[in-house]
Amino acid sequence: MTVRTRIAPSPTGQDLHIGNAYTALINYVFAKKSGGQFIIRIEDTDRTRFIEGSEERILSSLEWLGIPHAEGPDTGGSFAPYRQSERLSLYLGFANKLIESSHAYYCFCTSERLEIMRKDQESRKLPPMYDGLCKHIPKEEAQEKVDEGARYVIRLDVPETGVTNFIDVVRGEISFENTLIDDQVLLKSDGYPTYHLGVVVDDHFMNISHIIRWEEWISSTPKHILLYKFFGWDLPVFAHVSLLRNPDKSKLSKRKNPVWASWYKDEGYLPEAVRNYLATMAWAFPDGRDIFSTDEMIAAFTLERLQTTAPVFSLEKLRWMNGEYLRSYQLSAISQKLYEFYGKKYPLEMIEKIWPLVRDRMKTMKEFESLAGFFFMAPKEYEIEVQKELLELVRNALISCEWNHDAMETSIRKEADSKGQKPKDVFMTLRVAVTGKTVGPPLLESLELLGKDKTLSRLVI
């Protein structure tokens, strides 16, 4: 069997959700490990939530993350088209086949009736499921209504007895009583399929061998199993991975955490660090280490080692890991990355000189400007008030001394002692006057690099 995996994001958000990046990574790694293909399919059938440009941003973020796909809407492939909106006739044909085989039926219920039904179920503490009213309309009568132009949807006809079960590679055997499975809408009144029909038809015709997706789709899987059965198609392998969680164990959401992949790019995270961290959310490296490359993950990966415990997404842990990756780069390589991250507005040669002074303090590339911006521009405001008396003292100490670390330190301490001032207060005044901040890279090493003229020019109120 040729392994083919996929993700199928919907273009209904600002960008690629970091949770989709997480499942994309697992699908990509498993396909690579198995010598197969990882593909992208765009599920754009929810036209009410469709956002123009979202697809392009999703694909751009996957490219930035370094998770390549073999087939997709941008690259094409043997199973094109890869947008569901361009495959509508296929879904309609198979929805009609289910009608013909009595595995689906026309439903004419209005939204008003369905709302009354749901409120009644809620008041009686019943599960929210379609009550089957249209299920009992004779087939010929339902067809007549359709022919007369009545508005309808097509619903799955779930057996009223029995059990639907399947084997999940991660979680073992899972069973559902058919009486608890809803008669799901398969084709909407606008002619677009719901997720359930579209995903089964597309996965079958695109030869997807393994469905690796979030655990929230477990409850939908029996509906999909029934569709495979009704169509007479072989089942793919199912593996449901745990959802990413906030520290309070709630589902990762934009209300509590940055969720768009582009945010991490803009904040100066490295794609290899993000991939590494996402990998630790789903899977434990056999030797227990936290830092490993995607290639190392591919070599050691098995679906069976995916974790079922809810992984907590910690921005602080990701920041730590990103800092480790930043420091692992050779000087020329990280300088080039910073140069490009800031749109080449800072001289590459200067970045190379500054990096050794800030490398141990940085967790993301965006922090470079906060730590080292003073090398390129004098501060316009100060974190604490600068005392004129101490400023004059430090200027007198530096104006005639040699411009190296030891000479500056000796001169400043000597001048402070002669005026009865504490050296730590004088050094803090110097730091704030030059950098605008109370904390930053090593002070005197920074002054050596900044130069005497620029330093002295900032010691005047």
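Helices (H or I, at least four residues) and strands (E, at least two) are DSSP runs, numbered from the N terminus. In those terms, strand E1 (4-7), helix H1 (18-33) and strand E8 (210-214) each supply at least two residues of the lining of the largest pocket. This is a predicted model, in which local features need pLDDT of at least 70 and side-chain atom pairs count only at pLDDT 80 or more, while totals for chains, interfaces and linings use all residues. Residues are numbered from 1 along each chain as its sequence is written, and side-chain values use heavy atoms, with hydrogens and water left out.

**Pockets**

- A pocket is an open set of points on a 1 Å grid over the protein atoms alone, where a 1.4 Å probe fits, with protein on both sides within 12 Å along at least five of seven lines; lining residues have an atom within 4 Å of a point.
- The largest pocket holds about 1000 Å³ of space, a volume being the space filled by probe spheres set on the points, which are joined across faces, edges and corners.
- Its lining counts 33 residues, and Ser10, Thr12, Asn20, Glu216 and Trp217 are the ones nearest the centre.
- E8 gives the most to the lining of the largest pocket, namely three residues.
- The lining of the largest pocket divides into 13 nonpolar, nine polar and 11 charged residues; Ala, Val, Leu, Ile, Met, Phe, Trp, Tyr, Cys and Pro count as nonpolar, Asp, Glu, Lys and Arg as charged, and the others, Gly among them, as polar.
- The second largest pocket holds about 490 Å³.
- Of the 22 residues lining the second largest pocket, Cys109, Leu114, Val153, Arg155 and Val185 lie nearest its centre.
- Helix H4 (111-123) and strand E4 (153-156) are the elements that give two or more residues to the lining of the second largest pocket, and H4 has the largest share with four.
- By class, the second largest pocket is lined by 11 nonpolar, five polar and six charged residues.

**Packing of H3 and H6**

- Helix H3 (residues 88-100) packs against helix H6 (residues 195-205) at about 105°, with the axes 10 Å apart; axes are lines fitted to C-alpha atoms over the stretch in contact, and angles run from 0 to 180 degrees between N-to-C directions.
- H3 is therefore roughly perpendicular to H6, a term for angles of 65 to 115 degrees.
- In contact (heavy atoms within 4.5 Å) are Leu90, Tyr91, Phe94 and Ala95 of H3 with Leu197, Gly198, Val201, Asp202 and Phe205 of H6.
- Seven nonpolar, one polar and one charged residue make up the contact of H3 with H6.

**Burial**

- Ten of the 11 residues of helix H7 (residues 221-231) are buried, meaning under 20% relative accessible area, with exposed over 50% and partly exposed in between (1.4 Å probe, protein chains only).
- The buried residues of H7 include Lys223, His224 and Tyr228.
- His17 lies in the loop between E1 and H1 and counts as buried because its relative accessibility is 17%.
- Not counting residues up to four places away in sequence, His17 touches Trp214, Leu252, Val259 and Trp260.

**Backbone**

- Most residues other than glycine have a negative phi, and most peptide bonds are trans.
- The Ala80 to Pro81 peptide bond is cis, with omega near 5°, and Pro81 sits in the loop between helix H2 (54-65) and H3.
- Ser102, in the loop between H3 and strand E3 (104-107), has a positive phi near 65° and is partly exposed at 42% relative accessibility.
- Asn207, in the loop between H6 and E8, has a positive phi of about 60° and is partly exposed at 44% relative accessibility.
- Gly232 follows H7 and has a positive phi near 75°.

Conventions:
Angles under 35 degrees count as roughly parallel, over 145 as roughly antiparallel, 65 to 115 as roughly perpendicular and the rest as oblique.
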